[in-house]
Amino acid sequence: MSTATHAHDTHGHDHAHAHDHHGPPAGFSRWMYTTNHKDIGTMYLWFSFAMFLMGGSMALLIRAELFQPGLQLVEPQFFNSLTTVHGLVMVFGAIMPAFVGFANWLVPMQIGAADMAFPRMNNWSFWLLIPAALLLVGSFFVPGGAAASGWTLYPPLIIQQGMSIDMTILAVHILGASSIMGSINIITTILNLRAPGMTLMKMPLFVWTWLITAYLLIAVMPVLAGAVTMLLTDRHFGTSFFNAAGGGDPTMFMHIFWFFGHPEVYIMILPAFGIVSQIIPAFARKPLFGYASMVYATSSIAILSFIVWGHHMFTVGMPAAGNLFFMYATMLIAVPTGVKIFNWIATMWKGSMTFETPMLFAVGFLCLFTIGGFSGLVLAITPVDITLHNTYYVVAHFHYVLVSGALFAIMAGIYFWLPKWTGHMYSEGLGKLHFWLSMIGFNVAFFPQHFLGLAGMPRRIPDYALQFTEWNQISTVGAFIFGFSQLLFLYIVISTIRGGAKAPDRTWEGADSLEWTHLPSPVPYHTFETAPVVK
Amino acid sequence: MKDAFKAVFWSFFGVRKKDEYEADTKRLTPQAVIAAGLICALAFVLVLFGIVKLVTR
Amino acid sequence: MAEPHKPTPQQRRNALLSAAVLAAMVLGIYAVFMLKVFSA
C-alpha cells in the first residue's frame, strides 16, 4: 500500500484548514452531539482512562489491605466488592472501550474512509457507557454494597445479594448493547467503506484484528446478555435456572458465562496483537513477517476460542472426557498464538531497530505476554489446574495476559499515535521513564503472585496465613509503583496535547499505513476529502 | 474447494507459504473459505472428541 | 473542500444491508437462546 497517491495531499489540508467553516462547534455541545469518529475515539480513550484510574484505585486498596495478614483497612464484604468491581471496571470499562477508541480513531483513517459507516449510532454507543459506568460505580453506595460475587457473577451469591446486583446486571446489559452497536459499526465500515484499491488483504493488521474481534463480540455479547437476563428472572420473576432448591443448576451459569468469557479474553487481546503488529515493523523498519499467516492465525484463534471455555471450570465436576477435551483444545490454541510470537520476532530479526517508547512497550508486551501465555499452558493441564484453581497463580496468569498484554499494547499504541493525533511529540525521556516504572512495578507486583499461588494462597480473600506475608508485601510495593507511575502517563499525555515539538507528518519513518503516508499531523477534523487511491 | 481446505488447514496452524498464499488470493472465494472453515472447525472438534473417547475408554 | 467525501449511494445501501444482517445475527442468537431456556 506504499506511497500511493499525491504527496501534496498533506499540504492541501493545511491550507484548507486556515479558513475552514466546518470545524467542530465549541464547548460541551461539540462532544455531546458529535458524530466525528475522531471526537468519539478521543472520548472513548478518556473514558477508559478514567475507568482505569478508578479500577486502579480499587486495586491499590486491595493491595494495601493485603500488605499485612489480618484485617486492617476494609471489611471482608467490602473487600469482595472491591475485587468484583475492580474486575468489571477494568474489563468492561477500561480495556474494551480503550480498544474501541483506537478503532474509532484508526479504522477509518487506515482504510481511507471519511468516517464510520453510522456516525450517529457511534455517538450513541459512546454515550451509553456513561450511565453504565454510573450504575456500576454507584452500586457501592446502595444498601448492601456493590456486587461481591467476583466479576464472573456466579450464582448462588449473585442471587442472594441486594439491589446492587440489579444495577450491575443493568450495567452489563447496557455495556453489551454499546459493544454490539460498536461492533456492527466497525464491521460495516471495514466491509463497505474501504478506499478504492484497499483490498481486504492490503488492510493494516490492526484493522484485520478488529474485524475479527468485532465478529467475536457479535457472537458472544448476546450470550452474556442472555445469561444476565436469566440471573434477573431468577432474582425477581420466580424462575430457578441456577437455584438448586428450585431444580436449577448453578454450574449451568458457569458454562454459559465462560462460553461468553473465553472469547471475551480474545476480544481483549486480538486488538492488542493488531497494535503490536503495527508498531514492531515500524521500529524494525521491515515489513511485518508473514502478514498472511498473521491474518490466518488470528482467524483460527477466533474460531478455537469458542471450544475451550471448560478450562475455566475443571474443578466443578465435569466428566473426565469433558476435562480432557478442554485440556487438549486449550493446548492446541497455543499453536497459532505461538506462531504470532515467532512472526514478531522474525520481523525484528536483522531489522534496523530503535527503541522509542512505543517500541519499548511493544517489546515489553512480547516478553511478558509470553510469560502469561506459558502460565496459561500450565493452568490448562487439568491435574495441575486442580491444585492451582482459585489460587494467586491464576491471578498472576491473567494479569500477565491483560495488563502486560492488553494494557501495555494500549500504552504502546497511545505513544505511537499521539504525535499523529495531537501534532506534538511527547517527551521521549518521560515516556521511557514511564515505561521502566511500569515494567518494574508490574513485575514486582505480579511475579511474586506466582509463588504465592504455588504455595497455596487462595484468591479473593482479605486475610491470609502468616507464611504468605513477605511476597504479599513485595507485591503491594510493586503495585503502588505501577499504579502511581500511571499519573506520570497522564501528565505526559496532557502536556503533549497542550504543546511540544511539532510532530512530522510521518512521525515514524518505518510506519506505512495511510494515516502516516497520506495525512498531516495533527490530522484535520475531516480527513480524506477525496478518497485516496491505494495501489 | 480442495484449495480452500488446504488454506484453512494451514490457517489452523497459523503458517502459510508466501507463493501459496498469493495463489490462494487468486483462486479462492470468501464463501469457499468460510464454508471450509466451518467444516474444518467441526472436524477438529470431532477429532478431538474421538481422541478423548479413545483415551478414556 | 473541508467537507469529508460522502459514501456513494451504493456504499450506503451495502452498509445498511451489512448492518441489518449483523443486527439480525445478534437478535437471532439472543432470541434462540432465550426461547430455548424459557420455553421448557
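## Enclosed cavities

The structure, a predicted model, holds two cavities of 30 Å³ or more. On a 1 Å grid over the protein atoms alone, a cavity is a set of points where a 1.4 Å probe fits but cannot get out, and lining residues have an atom within 4 Å of a point. A volume is the space filled by probe spheres set on the points, which are joined across faces, edges and corners.

The largest cavity has a volume of about 120 Å³. Its lining consists of 14 residues, and those nearest its centre are Y44(A), M96(A), V100(A), S178(A) and S179(A). Two or more lining residues come from each of α4, α7 and α8 of chain A, and α7(A) gives the most, with six residues. Helices are DSSP runs of H or I with at least four residues, numbered from the N terminus. By class, the lining of the largest cavity has ten nonpolar, four polar and no charged residues. Here Ala, Val, Leu, Ile, Met, Phe, Trp, Tyr, Cys and Pro count as nonpolar, Asp, Glu, Lys and Arg as charged, and the others, Gly among them, as polar.

The second largest cavity contains about 40 Å³ of space. Its lining is formed by M96(A), F99(A), V100(A), W210(A), T213(A), L217(A), I267(A) and P271(A). Helices α4, α8 and α9 of chain A each give two or more residues to this lining, which divides into seven nonpolar, one polar and no charged residues.

## The second largest pocket

A pocket is an open set of grid points with protein on both sides within 12 Å along at least five of seven lines. The second largest pocket holds about 1700 Å³ of space. Of its 39 lining residues, W208(A), Y215(A), P30(B), V33(B) and I34(B) are the closest to its centre.

Elements of chains A, B and C each supply at least two residues of this lining, including α8 (205-236) of chain A, α3 (30-56) of chain B and α1 (9-39) of chain C. The largest share, seven residues, comes from α3(B). The lining of the pocket comprises 29 nonpolar, eight polar and two charged residues.

## Chain contacts

Two pairs of chains are in contact, and chains A and C share the most contacts. Contact means heavy atoms within 4.5 Å. Chain B and chain C are not joined by any contact, and their closest C-alpha atoms lie 15 Å apart.

## Helix α9 of chain A

Helix α9 of chain A covers residues 250-284; at 1.5 Å a residue its 35 residues should span 51 Å, which agrees with the 50 Å between its end C-alpha atoms. The expected span is 1.5 Å times one less than the number of residues. A kink of about 30° in α9(A) is centred on W258(A); the bend at a residue is the angle between axes fitted to the seven residues ending there and the seven starting there.

In α9(A), 29 of the 35 residues are buried, so the helix is largely enclosed by the rest of the structure. Buried means under 20% relative accessible area, with a 1.4 Å probe and protein chains only. Just after α9(A), R285(A) has a positive phi of about 55°.

I95(A) lies in helix α4 (residues 76-111) of chain A and counts as buried at 8% relative accessibility. Beyond its neighbours within four places in sequence, I95(A) is in contact with M90(A), M268(A), L402(A), A406(A), L407(A) and I410(A).

S485(A) is in helix α16 (residues 469-498) of chain A and is buried, at 3% relative accessibility.

## Conventions

Residues are numbered from 1 along each chain as its sequence is written, while chains are lettered from A and ligands numbered from 1 in the order in which they are written. In this predicted model local features need pLDDT of at least 70, side-chain atom pairs count only at pLDDT 80 or more, and totals for chains, interfaces and linings use all residues; side-chain values use heavy atoms, with hydrogens and water left out.

Conventions: Buried < 20%, exposed > 50% of the residue type's maximum accessible area, 1.4 Å probe, protein only.
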